Amino acid sequence: MSGMQDVREDERVDDLERNGYRIIQKTKGFCFGMDAVLLSGFVQVKPGETVLDLGTGTGIIPILLEAKTEGKHFTGLEIQEEVADMARRSVRLNGLEEKIKIVSGDIKEAGALFSLASFDVVTSNPPYMNDAHGLKNPGEMKAISRHEVLCTLEDVVREGARLVKPGGRFCLVHRPHRLIEIINVLTKYHLEPKRIKFVHPFADREANMVLIEAVRGGRSMVKVEKPVIVFQEPGVYSEEIRTVYGY
């Protein structure tokens with residue numbers, strides 16, 4: 001596999017253990033986490049469908065979805081040019097230029113960057129924290145990835161609703177303490193929650209992540225799926241995480 005010349009001194013290459021795919025990440029910096037892996041396992045992409053990932057970061061979700069599904073094409077949108085460039089090099093490293101495109105741009109303007117109602121599925125692993133006003137370095141890569149510095153939850157949902165086809169799915173991973181807010185914002189933009197799955201670090205701990213699928217223009221009926229337990233004991237991933245999610 002070519003492309004190793006694309007890896008820079010402050011970067012490393014990690015094996016995704018899917019189809020032999022690898023991803024370029026900063027040695028010191030924001031790296032993809034369990035939430036991205038869980039979202040890629042939760043999202044249902046049918047053969048021939050097109051997918052847009054809002055705030056794609058390193059491109060982890062399009063790359064994993066290409067590995068796990070029979071989707072036709074995957075697009076990732078990323079505002080940080082340095083990160084988008086890293087994602088493009090990962091796409092090239094895996095020889096996926098025909099299947100995955102990384103676009104530089106602002107989520108808040110996504111509806112102007114792509115044709116409206118043109119994607120079967122829109123995904124996002126958006127910033128979770130809405131307390132960005134207290135950050136010392138709001139322009140830092142980690143801050144932008146974790147805090148609502150450059151976009152809010154409503155920005156992500158509004159643009160996702162504009163870009164997903166009627167009857168298409170919008171999927172995101174977020175924090176359970178914002179669940180009511182998330183559902184209110186989804187329904188405001190005519191995205192009806194259909195599937196909800198909670199993620200617990202251990203069986204006896206409260207959920208620390210929630211996965212949600214909403215359908216554009218869908219009828220009001222939601223299914224709360226069996227929860228995901230990440231660790232069966234400290235340091236040991238559960239069988240579901242190892243098999244279903246391949247982590």
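Helices here (H or I, at least four residues) and strands (E, at least two) are DSSP runs, numbered from the N terminus. With that in hand, let us walk through the model. It is a predicted model, so local features need pLDDT of at least 70 and side-chain atom pairs count only at pLDDT 80 or more, while totals for chains, interfaces and linings use all residues. Residues are numbered from 1 along each chain as its sequence is written, and side-chain values use heavy atoms, with hydrogens and water left out.

Start with the whole chain. It has eight helices and 13 strands. Of its 247 residues, 52% count as buried, where buried means under 20% relative accessible area, exposed over 50%, and partly exposed in between (1.4 Å probe, protein chains only). The chain exposes about 11600 Å², of which carbon and sulfur atoms supply 51%; these areas come from the Shrake-Rupley method with a 1.4 Å probe, and for residues only the protein chains shown count as cover. Contact means heavy atoms within 4.5 Å. Among contacts between residues at least 6 apart in sequence, 68% join residues at least 24 apart.

Now find helix α1, residues 34-42, where eight of the nine residues are buried. Serine 40 belongs to this helix and counts as buried because its relative accessibility is 2%. Where does a polar atom of the side chain of serine 40 find a backbone oxygen? The oxygen is that of valine 37, at 2.7 Å. Such a polar contact is a pair of N or O atoms within 3.5 Å; within protein, one must be able to donate a hydrogen and the other to accept it, and residues adjacent in sequence count only if both atoms are side-chain atoms. Leaving aside neighbours within four places in sequence, serine 40 is in contact with Leu64, Leu65 and Lys68.

Strand β3 (residues 50-54) runs parallel to β4, joined by five bridges; two strands pair if DSSP finds at least two bridges between them. Leucine 54 stands opposite leucine 77 in β4. The path from β3 to β4 goes through helix α2 (residues 60-68), and this β-α-β crossover is right-handed. That term means that, with the strands pointing away from the viewer, the path from the first strand over the helix to the second runs clockwise. Strand β4 (residues 73-78) has five of its six residues buried, so it is largely enclosed by the rest of the structure. β4 also pairs in the parallel sense with β5 (residues 100-104), over five bridges, and glutamate 78 stands opposite serine 104 in β5. Together β4, helix α3 (residues 81-93) and β5 form a right-handed β-α-β unit.

Further along lies helix α7 (residues 179-188), with Leu179, Ile182, Val185 and Leu186 buried. Seen down the axis of α7, the buried residues fall within an arc of 130 degrees (taken from the directions from the helix axis to the C-beta atoms), so they line one face of the helix. Their packing partners are α6 (153-163), β7 (164-174), β8 (191-200) and β9 (209-216). Just after α7, histidine 190 takes a positive phi of about 60 degrees.

Finish in strand β8, the place of lysine 197. Is this lysine buried or exposed? Lysine 197 counts as buried, because its relative accessibility is 9%. A polar atom of its side chain lies 2.9 Å from the backbone oxygen of lysine 226. Beyond neighbours within four places in sequence, the contacts of lysine 197 include Phe42, Met209, Glu225 and Tyr245.
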